[in-house]
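Walk through this fold piece by piece. Start with the helices, then turn to the sheet.

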Amino acid sequence: MPSLRLVRLALHGSFYALLAIAAAPAAAGSKPTVTLLPAAVLAVVYGLGIVRTTARRGLWLTAVTGLWLLLLAMDHGYSYVAFPLFFLFLGALPVRWAHPAIAAATAAVVAAQAAAPGGLTAAKVIGPVAGAAVAILTGYGYAALYRESRKRQQLIDDLLRTRDELAAAQREAGRLAERQRLAREIHDTLAQGLSSIVLLARAAETAAPDTARERVREIGLTASDNLAEARRFVQALTPPALEDAPLPEALRRVTARTVPGAVFRLDGDPRTLPMETEVALLRLTQEALANVARHAHADRTAVTLAFLDGQVTLDIYDDGVGFTPGDGRADGRRTFGLHGMRERIAALGGTLTVESAPGEGTAIAAAVPVGAGTRAEHQSPPQRRSATTAESGGAGPAATPEGAAA
């Protein structure tokens, strides 16, 4: 509070200035020099009280007041030193003591002036009384300024503390959100890939040699994808499925690999989408198809990606055993997967609908709003398309666009 420090410096400076003015005649020889020693002692004692702020304030104030009264009794010229003492009383004493002390000091000044040549006059009474009144009013103003400054400082401290608490809360929220995001990523990628590897390994155990070799090759491809996903977690890169293919082609591959015989359809003209949208739709497809492979026992599965005006939709249908959405008895991993799906789509401002019933299959529909975007060439380069056919093993209608449209 710089303004309050300036006020204190002005008060101390005025005390020494008035003390020097009162002692000047004695120092010049026009008055007896007997007052110079007490004046010097008063100056020293007052300065010690300023420097040694931890000293006993009551004792110091008593010493200063006593020395001033001694000087006042010796020379009425020290009457003016009372004015800075008024402020000293207001600052160092409680109100119930400060006002009586000011009144007593004012009475002492009036008495000293009355003993001076010319006797007691109205001016000699009004001057000290007016000075005391001004000192009291100024003291109240000073106290109000001090309280306001303290309140302002307290408000600043509260704001700083609130800011630190908010920053800590935001960091904690970010940490929890990142942990939740990683949980979804691991569930939708590594966990699903490992589940596929387990299913393929079981199928290979009882399959014919040629089919077993095909399953082992698929296990290798799935393991390679999972390894790439694990590296992506470390390097924070785009999902491998989207690195060398547009979204429709990536979904076609996932469909063919996860549920053999499943059909992928594309409606509308493909457009470039924000990366977070493509990742969300890819993860949604992976999660839904993994559930189909593990739980549905479906004969038919279809994935449809549609580019409409202002939005992109993804529908995944199977005619399997179905389940009751929201039923606490449902598989815990499936429940977590549905929750993760909804979180991903909701984060993009979209909607996710799950329709299912025991024995009636399952339909999952997601709609995400997108801008007009730009048209993207869906047809893959020859080398990319051949790689896609090889990865899917050439099996099922999902391996080619013609089959998808069938």
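W68, L69 and L72 in α3 meet A105, A108, V109 and A112 in α5. Contact here means heavy atoms within 4.5 Å. The residues of this α3–α5 contact are seven nonpolar, no polar and no charged. In this scheme Ala, Val, Leu, Ile, Met, Phe, Trp, Tyr, Cys and Pro are nonpolar; Asp, Glu, Lys and Arg are charged; the others, Gly among them, are polar.

This is a predicted model, in which local features need pLDDT of at least 70 and side-chain atom pairs count only at pLDDT 80 or more, while totals for chains, interfaces and linings use all residues. Residues are numbered from 1 along each chain as its sequence is written, and side-chain values use heavy atoms, with hydrogens and water left out. Helices (H or I, at least four residues) and strands (E, at least two) are DSSP runs, numbered from the N terminus.

How do the axes of α3 and α5 cross? They come within 9 Å, at roughly 15 degrees. Axes are lines fitted to C-alpha atoms, for helices over the stretch in contact, and angles run from 0 to 180 degrees between N-to-C directions. The two helices are therefore roughly parallel. The cut-offs are under 35 degrees for roughly parallel and over 145 for roughly antiparallel, with 65 to 115 roughly perpendicular and the rest oblique. The crossing of α3 and α5 is left-handed: the near helix is turned anticlockwise from the far one by less than a right angle.

Helix α3 (residues 57–74) also packs with α2 (residues 36–51). Their angle is about 160 degrees, and their axes lie 10 Å apart. That makes α2 roughly antiparallel to α3. This crossing, too, is left-handed. On the α2 side the contact residues include P38, V41, L42 and V45. Helix α3 brings residues including R57, W60, V64 and W68. By class, the contact has 14 nonpolar, one polar and one charged residues.

Back to α5 (residues 95–115), which holds I102. Is I102 buried or exposed? At 1% relative accessibility, I102 counts as buried. Buried means under 20% relative accessible area, exposed over 50%, partly exposed in between (1.4 Å probe, protein chains only). Leaving aside neighbours within four places in sequence, I102 is in contact with F86, F89, L90, A132 and I136. I102 and A133 are 31 residues apart in sequence, yet 9.3 Å apart in space, C-alpha to C-alpha.

Now the sheet. Five strands form an open sheet with mixed pairing, in the order β1-β2-β3-β5-β4. Two strands pair if DSSP finds at least two bridges between them. The edge strands are β1 (263–267) and β4, each pairing on one side only. Neighbouring strands are turned by 10 degrees against each other on average, direction ignored. Helix α9 (residues 247–258) packs on the sheet, touching β1, β2 (301–308) and β3 (311–318). Its direction makes about 165 degrees with that of β1. Helix α10 (residues 275–296) lies across β2, β3, β4 and β5, running at about 5 degrees to β3.

Six bridges join β4 to β5 (residues 362–369), and the two run antiparallel. L352 stands opposite A366, and S356 has T362 as its bridge partner. The hairpin has five residues between the strands, where G359 takes a positive phi near 80 degrees.
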